[in-house]
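Here is a short report on one structure. Read it with the sequence and the 3D view open.

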Amino acid sequence: MFDVITLGSAVIDFFLATGVHERRHEICYPAGTKIAVKDLRYSTGGGGTNTSVSFSRLGLKTAWLGKIGTDVNSEVILKEMKKEKVTFLGSKCEDKTGISVILDSEEHERTVLTYKGANDDMKFSEVKLNKLKTKWFYFASMMGESFKTQEKLAEFASKKGIKIAYNPSSYQTKQGAEALKNVLKNTEVLILNKEEAQMLSGSGDFLKKLRELGPNIVCVTNGKEETVVYDGKHKYSANPHDFTGKERTGAGDAFASTLVAGIIKGESMELCLQLATTNSESVIKYYGAKNILLTWKAALKELRKNPVKVTKEVY
Ligand SMILES: Nc1ncnc2c1ncn2[C@@H]1O[C@H](COP(=O)(O)OP(=O)(O)OP(=O)(O)O)[C@@H](O)[C@H]1O
Ligand SMILES: [Mg+2]
C-alpha cells in the first residue's frame, strides 16, 4: 500500500544561463547570431518526478505513474527514481522522453521550452489498475491522451476512496473549469498559482468559487507574495521570505507536494503551509527542480531556523 502515487511528467531539464537581460518582461535573442552560454546544468524534472521525489524524501511511501521513452534520458530518470526510493508504475513507448530547455536571463526570470514527447501519450488501457493501491493520488499537469487518462483515474479514485490532490498548470487552467470538471469534482486538495486560479474562477472571490468546483481545500500561491489556503471555514495566509534565489524551477512542485505531504500526515494546516514554504525556498536557492528538496526532519529544522508566519481567520 502506497501513501501516495503521483501522476505527472518526467523531463530532463537543461538550464542555460544565457547572460541575456530582460526588457519589458521579454528575453530577446537576436536572430542569426550565436550566443555563448555562460553556464549549463542539467537534471531530471517534470511535475511527476519532482513531486514523487519530494514525497519520498518527506517520508511517504511513494510511487510514480508516468510515461517515458526508451532513450538514454529514460534510463537517467529511472535510475534517479530508484535512488530516491520511488516505485515506477508507468510504461515506456517509442516516442522520446520529454525535455525542457530553461533559458535563464541575467535577472533570473526564465523562458521554458518544453518537448512533452512520451509524457502526453499515457493511455488508460496501459495503466495497471491492480497496482494502484494507495491512499492518495497526486495529479500534476497532464496533456493530450494523458489528460484523458487522468480524468478516468479521477473516476477510479472516487470509486476506490482514494483522495486526490491536484496541481494543474496554466496549460490546463486556460481551458476553463468546464474542461477540468471531471477531475475537479473528485479533488480533495487543489493547489494553483494566482494566475491559474483566476483563469479557472473568473472574477470575484476565487477561493470560494474554486471550492464550489469540488475541492475541499484550495491553496493559491503567488510567487514571493502571500500564499492562501481556504478550507471552507478558515483562511490561512503565509508570507514567503524575501530573498533572491538562484533558479525558481520546481518551486511550485516543491510547495504543492510538501503541503499535500503534511495533509496526508495529518498535520495542522499551519504547519503544512510553513513546511511547504520552507521546502520551496530550499529549491529556489539552487539550480535544479529537486535541488534541494528536504527530508521531513531537515524541513522542520530549517523552519525553526527561519520561521514562517501563518495567520488564520474565519472566512
Ligand atoms: N521569488 C520567490 N521568493 C520566495 N518564495 C517564492 C518565490 N517564488 C516562489 N516562491 C515560493 O514557492 C511557492 C510557489 O511558487 P509560485 O506561486 O511561483 O508557483 P507556480 O507559479 O505554480 O510555480 P511553477 O512555475 O514552479 O509551477 C510560493 O508560494 C512561495 O512559497
Ligand atoms: Mg505550478
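## The ligand site

A polar side-chain atom of Thr-227 sits 3.2 Å from an oxygen atom of ligand 1. This is a predicted model. Two further side chains make polar contacts with ligand 1. Thr-221 places a side-chain N or O atom 2.7 Å from a ligand oxygen. For Ser-280, the distance from a polar side-chain atom to an oxygen of ligand 1 is 3.3 Å.

Which residues come closest to ligand 1? They are Asn-193, Thr-221, Gly-223, Arg-248 and Gly-252. In total, 16 residues surround the ligand.

## The sheet

The model contains an open sheet of 10 strands with mixed pairing. Its order is β8-β6-β1-β12-β13-β14-β15-β16-β17-β18. Strands β8 (86–88) and β18 (310–314) are the edges. Each has a single partner strand, so one side of each lacks a neighbour in the sheet. On average, neighbouring strands are turned by 20 degrees against each other, direction ignored.

Helix α6 (residues 194–201) packs on this sheet. It touches β14 (189–193) and β15 (217–221). The direction of α6 makes about 115 degrees with that of β14.

## Strand pairing

Strands of a sheet pair through backbone hydrogen bonds, either parallel or antiparallel. Start with β6 (residues 62–65), which runs parallel to β8 and is joined to it by 3 bridges. Here Thr-62 stands opposite Val-86 of β8.

Now move to β12 (residues 134–139). On one side, β12 pairs with β1 (residues 2–7) in the parallel sense, over 5 bridges. Ile-5 has Phe-137 of β12 as its bridge partner. Strand β13 (residues 163–166) also runs parallel to β12, with 4 bridges between them. In that pairing, Tyr-138 faces Ala-165 of β13.

## Nonpolar cores

The largest nonpolar core has 35 residues. Those with the most contacts inside it are Leu-65, Leu-132, Phe-137, Phe-139, Tyr-166, Leu-210 and Val-220. Helix α3 (residues 145–160) gives the most to this core, with 5 residues. A second, separate core holds 34 residues, including Phe-55, Leu-259, Val-260 and Ala-299.

Leaving out residues up to four places away, Leu-132 touches Ile-5, Leu-65, Leu-89, Val-127, Phe-137, Leu-153, Phe-156 and Ile-162.

## Two loop residues

Thr-187 lies in the loop between α5 (177–184) and β14. Its relative accessibility is 3%, so Thr-187 counts as buried. The Thr-187 side chain reaches the backbone oxygen of Val-183 at 2.8 Å. Beyond residues up to four places away in sequence, Thr-187 touches Ile-164, Tyr-166, Gly-214, Pro-215 and Asn-216.

Asp-205 is found in the loop between α6 and α7 (206–212). With a relative accessible area of 31%, Asp-205 is partly exposed. A polar atom of the Asp-205 side chain lies 3.1 Å from the backbone nitrogen of Leu-207. Asp-205 and Ser-52 are 153 residues apart along the chain, and their C-alpha atoms are separated by 32 Å.

How values were computed. Residues numbered from 1 in each chain as written. Chains lettered and ligands numbered in written order. Predicted model: local features only at pLDDT ≥ 70, side-chain atom pairs only at ≥ 80, totals over all residues. Heavy atoms only, no water. Core = buried A, V, L, I, M, F, W, Y, C linked by side-chain atoms within 4.5 Å. Buried < 20%, exposed > 50% of the residue type's maximum accessible area, 1.4 Å probe, protein only. Contact = heavy atoms within 4.5 Å. Pairing = 2+ DSSP bridges. Axes fitted to C-alpha atoms, helices over the stretch in contact; angles between N-to-C directions. Near = heavy atom within 4 Å. Polar contact = N/O pair within 3.5 Å; in protein donor to acceptor, adjacent residues only side chain to side chain.
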